[in-house]
Amino acid sequence: MTTNYASLNETPDFYGEYGTGEYGIPNQHMSEPTRSQWNHIEDLDSFFTRVYKYHQKHGFKCIALKELVDLHQFSFIAGIMFTMIYAVDYNMLFNHTPNETKWIFSLLIPFDKVMSTLPFSGWMLLFFLGIMFFLSVIRKVYALILYWDIKQFYNQALLIEDDNLDNLTWHEVQKKLIQVQLDLQMCIHKRELTELDIYHRILRQTNYLVALVNKRLLPPRVNVPFLGEVVYWTKNLRLNIMILLFWSPWSPFENPWHLREEYKRPGYRDKMAQQLGRQILWLFLINLLASPLVFVGQIIFYFFNYFEQVRREPGRFGLRYWSHYGQLYFRHFNELDHELHSRLTRAYKPATKYMASFCSPHVVILAQHVTFICSSVLTVFICLSFLDNEILYWEQVLTMLAILTGVIGIGRSLVPDETLIWCPEQLLEAVVLHTHYLPGVWQGYAHTSRVRACFQQLFQYRFAALIEEFLSPILVPYFLIRYVYPRTLDFVDFFRNFTVSVVGVGDVCSFAQMDIKKHGNPDWHTEQEEDESGDRSRMMTDQYTQAEDGKVELSLMHFTVTNPNWQPPPDAMEFVENVNLESNRAMFNNDEAIVGPFGVLSSLDFSKHAPPEQDETPASHVHLSTAGGFGRSSLPGANVRQSLFSQRTEGPDMFRSIQNMRASTLILHNRHAMRSAQASNLQTIDKSGAVSGGDHTAVV
């Protein structure tokens with residue numbers, strides 16, 4: 001399906017926007033140098049992103065210290081690597097007489113001797129490390145210069161000192177940013193900025209990436225024998241995709257805020273696909289040639305970063321965490337990093353319990369057996385060490401003890417707790433209350449191994465993620481040529497069909513506009529919402545244009561909850577009010593409960609229907625303003641409360657925003673379940689009618 005490039009309101013002249021011109025600046029009580037310094041900022045995307053990161057990274061001192069520490073770590077690792085290769089006398093280390101006492105620094109070869117006997121490979125390594133260090137210094141100095149300007153902006157324009165930065169939430173900073181726009185006119189094509197404008201600027205590329213994941217163009221999927229479909233998405237692959245689509249001079253975006261005109265025209269579709277294909281081939285070739293060097297670099301990186309953790313806490317590698325793919329799948333449109341991190345942190349415990357509710361009897365038996373064998377051998381060594389502690393100094397004994405301890409830790413993590421009784425449906429529903437998303441095909445099948453395998457792609461073992469990252473220099477070239485290259489036409493169509501121009505913002509992903517009329521899914525709406533305003537509000541979507549899994553609807557509710565001052569368009573406002581009205585009705589009616597996505601009874605008073613083993617303390621009721629659409633309700637559990645106080649989360653009112661979004665999630669998933677059940681019943685009736693000769697009335 002191909003459609004013409006769409007626009008919202010009036011398409012601005014982007015080149016004129018960032019050119020020179022005469023614009024009236026309001027009078028203000030501010031010095032001229034300060035006022036002109038941030039008037040008409042050319043690249044607002046980068047500027048607002050640095051403003052956001054400056055707040056999240058706790059100010060200039062912390063940013064500068066982190067850059068210096070990173071630079072020192074690079075120098076330290078490079079120095080150790082060079083010393084181990086060229087400056088250690090291994091003959092003295094391995095060829096020595098018994099009872100000979102050696103001093104560790106006596107193994108080091110003098111510096112002048114090392115440099116006089118350094119081979120050509122050593123000089124090449126020094127040259128390469130020197131170039132890397134020099135480029136790193138330039139990049140970090142340039143970053144510090146930019147952040148110094150952001151410091152001046154905070155101190156002089158926003159009137160926020162660095163010492164007071166940690167006392168302010170991002171939403172308070174954002175409020176000041178919107179007010180300052182009226183005086184400074186950072187964006188000259190729009191006098192007043194909204195919260196959505198700022199989010200668009202910061203998350204322009206991320207919103208495109210979330211939409212690509214939602215429409216299943218990314219990440220690559222491959223069928224692996226004995227494992228089924230595996231989703232592959234690593235930092236290395238994401239870096240290549242970002243370079244391909246956004247960062248390179250030949251990407252579809254000619255600058256951060258403007259899509260190339262050729263990508264907007266259907267007549268250039270094949271030409272742009274061929275051009276994008278050539279860029280993929282170049283990326284493939286570069287990755288292929290650089291893979292040995294990157295692979296060696298990753299070996300060194302993983303060795304220095306994880307050796308101590310493997311020795312001290314090997315069981316941590318058996319823990320789960322949200323995969324890179326899971327973080328993109330669960331991310332709302334227009335959701336900042338700290339908001340996503342807060343949601344997934346709250347979802348960690350119920351997700352862990354859900355995955356723990358599954359166990360393979362075969363794996364449990366083998367894990368218990370291996371744990372028993374390793375524990376027995378470890379016990380023998382410990383007993384012998386009590387008789388003669390010299391045993392610990394025998395060759396390979398300490399290595400064996402470390403390996404046995406690690407195997408025991410991993411084996412115990414695979415054996416479930418026999419004293420617990422799990423309900424997979426209720427546990428996964430508790431996860432959905434935080435993550436907000438649930439594929440429709442999972443409904444009613446939370447207890448099956450198929451859903452468990454799919455969820456495992458989103459919530460994977462740490463050691464599995466490390467293996468994927470470790471092998472990425474080898475696998476990324478394969479996925480670029482095998483998966484990304486054949487889909488160049490799909491990428492070109494995606495950017496043409498799902499890009500809109502917003503005045504004062506530039507080209508953005510149309511899904512990020514959260515237009516439920518254009519990208520909504522009827523299954524997430526009531527029939528009354530579809531038809532109550534006639535043709536004006538009837539949704540104009542099909543399978544290609546609508547977002548999957550209620551992404552637009554849930555993103556809209558999340559954004560309105562976290563940014564209550566934002567005024568959505570009329571159609572979106574009507575949808576939000578209807579959802580809030582349903583939530584109010586369920587909140588105030590103590591006898592009313594809704595059926596969750598798995599058919600589990602879910603009252604909006606979460607303290608009464610909390611998942612088992614939720615580590616809950618008696619929930620105290622908190623009074624919430626009905627301005628947000630809710631009355632009196634309760635917050636679930638001490639674990640959530642601890643998460644709220646340990647980090648500043650979404651919205652100006654953390655309690656209300658989290659509670660409101662949970663209620664909206666249940667309401668919307670309940671709608672989707674009911675509409676899906678109705679559609680399934682109609683299909684069954686149609687099939688039965690066809691078999692019986694088409695008499696639908698008789699079948700009913």
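Modeller: Angles between axes under 35 degrees count as roughly parallel, over 145 as roughly antiparallel, 65 to 115 as roughly perpendicular and the rest as oblique. The model to which this is applied here is a predicted one.

Biologist: Why are helix 14 and helix 18 called oblique to each other?

Modeller: The axes of helix 14 (residues 337-356) and helix 18 (residues 449-458) cross at roughly 140°. Roughly antiparallel requires an angle over 145 degrees, and roughly perpendicular one of 65 to 115. The pair is therefore oblique. The two axes come within 11 Å, and the crossing of helix 14 past helix 18 is left-handed.

Biologist: Which residues make the contact between helix 14 and helix 18?

Modeller: Helix 14 contributes A351, Y354 and M355, while helix 18 contributes V451, R452, F455 and Q456. By type, the contact has 5 nonpolar residues, 1 polar and 1 charged. Tyr counts as nonpolar and Arg as charged.

Biologist: What makes helix 3 and helix 9 roughly perpendicular?

Modeller: The axes of helix 3 (residues 44-56) and helix 9 cross at roughly 95°, and the range for that term is 65 to 115 degrees. Helix 3 and helix 9 are therefore roughly perpendicular to each other. Their axes come within 8 Å.

Biologist: Which residues meet there, and how do they divide by type?

Modeller: On helix 3 they are L44, D45, F48, T49 and Y52; on helix 9 they are I198, R201, I202 and R204. This contact of helix 3 with helix 9 has 5 nonpolar residues, 1 polar and 3 charged.

Biologist: How do you know whether M514 is buried or exposed?

Modeller: Buried means under 20% relative accessible area. M514 has 1% relative accessibility, so M514 counts as buried. Its place is the loop between strand 8 (506-509) and helix 21 (516-519). M514 also has a positive phi of about 55°, although it is not a glycine.

Biologist: And what makes L159 exposed?

Modeller: The cut-off for exposed is over 50%. L159 has a relative accessible area of 66% and is therefore exposed. L159 sits in the loop between helix 7 (120-157) and helix 8 (170-184). Phi of L159 is positive too, near 60°, and L159 is a residue other than glycine.

Biologist: How do you know whether the peptide bond from L218 to P219 is cis or trans?

Modeller: Omega for that bond is near -5°, and the bond is cis. P219 belongs to the loop between helix 9 and strand 1 (221-224).

Biologist: What makes a set of residues a nonpolar core, and how many residues has the largest one?

Modeller: The members must be buried, of the listed nonpolar types, and joined through side-chain atoms within 4.5 Å. The largest such core has 115 residues, and those with the most contacts inside it are F47, F153, Y154, W170 and F455. Helix 9 (residues 195-214) supplies the largest share of this core, 11 residues. Apart from it lies another core of 10 residues, including A78, A87, V114 and L129.

Biologist: Which residues is F47 in contact with, leaving aside neighbours within four places in sequence?

Modeller: F47 contacts W38, I41, D149, I150, F153 and M186.

Biologist: What share of the residues in the protein is buried?

Modeller: Of the 700 residues, 47% are buried. The protein has 27 helices and 12 strands. Among contacts between residues at least 6 apart in sequence, 73% join residues at least 24 apart.

Notes:
Residues numbered from 1 in each chain as written. Predicted model: local features only at pLDDT ≥ 70, side-chain atom pairs only at ≥ 80, totals over all residues. Heavy atoms only, no water. Axes fitted to C-alpha atoms, helices over the stretch in contact; angles between N-to-C directions. Helix = DSSP H or I, 4+ residues; strand = E, 2+ residues; numbered from the N terminus. Left-handed = near helix turned anticlockwise from the far one by under 90°. Contact = heavy atoms within 4.5 Å. Buried < 20%, exposed > 50% of the residue type's maximum accessible area, 1.4 Å probe, protein only.
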